[in-house]
Amino acid sequence: MILVTLIPLLLMAFVNYHQYRTALKDEIVNPLRILVNKTKHSFELFLTERLSAVSFIASAYSFDQLADENALNRIFRVMRREFGGFVDLGLIDSKGIQVSYVGPYDLKGKDYAEQGWFHEVQIRGSYISDVFMGYRRFPHIVIALQHRTETGQTWILRATVDTEKFDQLIESMGLDAESDAFLLNRGGVFQTPSKFYGGVLEQFPLPLPPVSYEANVLELRDSTAQDIFLAYAY
């Protein structure tokens with residue numbers, strides 16, 4: 001009689017426990033997936049807006065107009081006011097020489113012909129770099145766009161954007177004290193600081209998750225032996 005009574009109760013308890021864990025996991029995982037996907041689109045919108053601004057300037061003004069640093073300075077002031085985040089702006093000719101420059105550094109005449117990004121923008125037409133320090137010693141990215149006239153003349157408009165907005169986008173996620181969010185490049189290098197795993201340009205201590213352009217959530221154990229949910233989107 002005891003076995004007949006207890007076995008069904010134990011089976012029911014096991015099933016209920018499994019269903020409860022599944023429901024609880026869904027309550028955690030689904031909001032994480034939505035939050036990561038929303039933040040991914042915020043990053044994409046930020047970068048698209050800045051690239052569009054540089055593209056518009058390259059199309060709206062001639063090479064001679066952009067080569068005039070007074071004119072370039074007026075354009076740059078409008079870009080900073082309307083979009084924010086821009087640190088400098090420069091015009092580079094087809095040989096890689098910076099013809100004009102507006103910003104806090106003395107870069108006029110600098111030769112970029114041997115830089116990897118210069119060759120990439122010539123092939124792809126546009127370029128957005130990973131986060132790097134450079135001699136500016138603060139995290140920033142480069143946005144460059146090649147413009148080609150009807151006569152075949154080409155030049156490159158190159159802008160530097162600081163990554164403070166990246167930090168603001170992550171802060172807007174409203175995470176609790178035990179959660180963390182950060183941006184990685186495809187090499188697993190931090191593009192924004194992590195609360196628990198490292199600073200900007202340090203290596204993420206875990207393997208990168210499988211490529212997926214939809215938000216996914218994995219259950220795993222991190223480098224400190226903590227069980228975590230890892231929500232991510234490329």
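Student: How many bridges join strand 3 to strand 4?

Tutor: The model is predicted, with local features needing pLDDT of at least 70, side-chain atom pairs counting only at pLDDT 80 or more, and totals for chains, interfaces and linings using all residues. Residues are numbered from 1 along each chain as its sequence is written, and side-chain values use heavy atoms, without hydrogens and water. Strands here are DSSP runs (E, at least two residues), numbered from the N terminus, and two strands pair if DSSP finds at least two bridges between them. Strand 3 runs antiparallel to strand 4, residues 140-148, and the number of bridges joining them is three.

Student: Which residue in strand 4 stands opposite serine 126?

Tutor: Serine 126 belongs to strand 3, which spans 126-128. Its opposite residue in strand 4 is leucine 145.

Student: In what order do the five strands form the open sheet?

Tutor: The pairing is antiparallel. Strand 2 (98-102) and strand 3 each have a single partner strand, so one side of each lacks a neighbour in the sheet and they stand at the edges.

Student: Nice! Which residue in the turn of the hairpin formed by strand 4 and strand 5 has a positive phi?

Tutor: Strand 5 covers residues 154-162 and runs antiparallel to strand 4, with nine bridges joining the two. Histidine 140, for instance, stands opposite aspartate 162. Five residues lie between the strands of this hairpin, and the one with a positive phi, about 95 degrees, is glycine 152.

Student: How many of the nine residues of strand 4 are buried?

Tutor: Buried means under 20% relative accessible area, exposed over 50%, and partly exposed in between, with a 1.4 Å probe and protein chains only. Strand 4 is largely enclosed by the rest of the structure, because its count of buried residues is eight.

Student: Which residues of helix 4 are buried?

Tutor: Helix 4 spans residues 116-124 (a helix is a DSSP run of H or I, at least four residues). Gly116 and Ile123 are exposed, on the other side of this helix. Strand 1 (86-93), strand 3, strand 4 and strand 5 are among what covers the buried residues (contact means heavy atoms within 4.5 Å). Those buried residues are Trp117, Phe118 and Val121.
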